[in-house]
Amino acid sequence: MTQNKKHIKAYATLCTVLLSVAMTAGCAGAPAKSENTENTSSATAGNSTAEEAQTEQGATAFPAFTATDLDGNTITESIFSEKDLTVLNIWGTFCGPCIREMPELGEWAKEMPDNIQIVGLIIDIDGEDDTEHRDLAVDITQKAGVEFTNLIANMDFAPILKDVVGVPTTLFINGDGNIVGDPIVGADVDGYKSFVEDYLSGK
């Protein structure tokens, strides 16, 4: 817990909104089996597909952003338009469950069809000067064999991160930049895969 607080504190200077996110968003861990079912089934309630369920609730647009990835590239929200569906995995370098699921995410990313992608969003790198946490994130992703894009969170993500209650949290964004279905809180790669399968089958 002490280590978590140390990393969370490093992120506090971004803004009070993101600080409150980090202070409440500990490691969610792996949900129990029944919770896995609840998380995935809530996105496909009744006889609706994941996309239809979101349409019924009203689409939520992901906020516009300009961010840097771990390789120093500038990335905007246009990354979502490159694929039919993006799996956005929100994680932190302080989070054990986030780190433990990273190798599986890396393998899954390599097996995905061309119209699907994974993007990571790291919440505890405190700007360009925070080389400690950036280097740690690079080390984590390299050891896990991760080749997908990992973004460094900034103020542009505040409208989304204010609702994050734990990490990892995974969102799904369609090619129009809208969030579809419900977030999955906790390390649940099987749940992510189930959502993607349901989404694709409903296309």
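Me: Which residues does cysteine 27 touch, not counting residues up to four places away in sequence?

Reply: Contact means heavy atoms within 4.5 Å. By that rule cysteine 27 touches Phe94, Cys95, Gly96, Pro97 and Val167, leaving out residues up to four places away in sequence. Before going on, note that this is a predicted model, in which local features need pLDDT of at least 70 and side-chain atom pairs count only at pLDDT 80 or more, while totals for chains, interfaces and linings use all residues. Residues are numbered from 1 along each chain as its sequence is written, and side-chain values use heavy atoms, with hydrogens and water left out.

Me: Where is the place of cysteine 27?

Reply: Helices (H or I, at least four residues) and strands (E, at least two) are DSSP runs, numbered from the N terminus. Cysteine 27 is in strand E1, residues 26-27.

Me: What is the relative accessible area of cysteine 27?

Reply: Buried means under 20% relative accessible area, exposed over 50%, and partly exposed in between, with a 1.4 Å probe and protein chains only. Cysteine 27 has 29%, so it is partly exposed. Isoleucine 79, at 6%, counts as buried. Isoleucine 79 lies in the loop between strand E4 (74-76) and strand E5 (85-91), and among the residues it touches are Phe65 and Val119. For the protein, 51% of the 203 residues count as buried.

Me: How many helices and strands are there?

Reply: The secondary structure comes to 8 helices and 11 strands.

Me: How do I check the span of helix H8?

Reply: The expected span of a helix is 1.5 Å times one less than its number of residues. H8 has 13 residues and should span 18 Å; its end C-alpha atoms are 18 Å apart, which agrees.

Me: Which residues of H8 are buried?

Reply: They are Val189, Gly191, Tyr192, Phe195, Val196 and Tyr199.

Me: How is a pair of packed helices described?

Reply: Two packed helices are described by the angle between their axes and the distance between the axes. Axes are lines fitted to C-alpha atoms, for helices over the stretch in contact, and angles run from 0 to 180 degrees between N-to-C directions. Here the axes of H5 (residues 96-111) and H8 (residues 189-201) come within 10 Å and cross at roughly 30 degrees. That makes H5 roughly parallel to H8. Angles under 35 degrees count as roughly parallel, over 145 as roughly antiparallel, 65 to 115 as roughly perpendicular and the rest as oblique.

Me: Which residues in H5 and H8 meet?

Reply: Glu101, Glu104, Leu105 and Trp108 in H5 meet Val189, Asp190, Tyr192, Lys193 and Val196 in H8. The residues of this contact divide into 5 nonpolar, no polar and 4 charged. Ala, Val, Leu, Ile, Met, Phe, Trp, Tyr, Cys and Pro count as nonpolar, Asp, Glu, Lys and Arg as charged, and the others, Gly among them, as polar.

Me: Which peptide bond is cis?

Reply: The bond from valine 167 to proline 168 is cis, with omega near 0 degrees. Proline 168 lies in the loop between strand E8 (166-167) and strand E9 (169-174).
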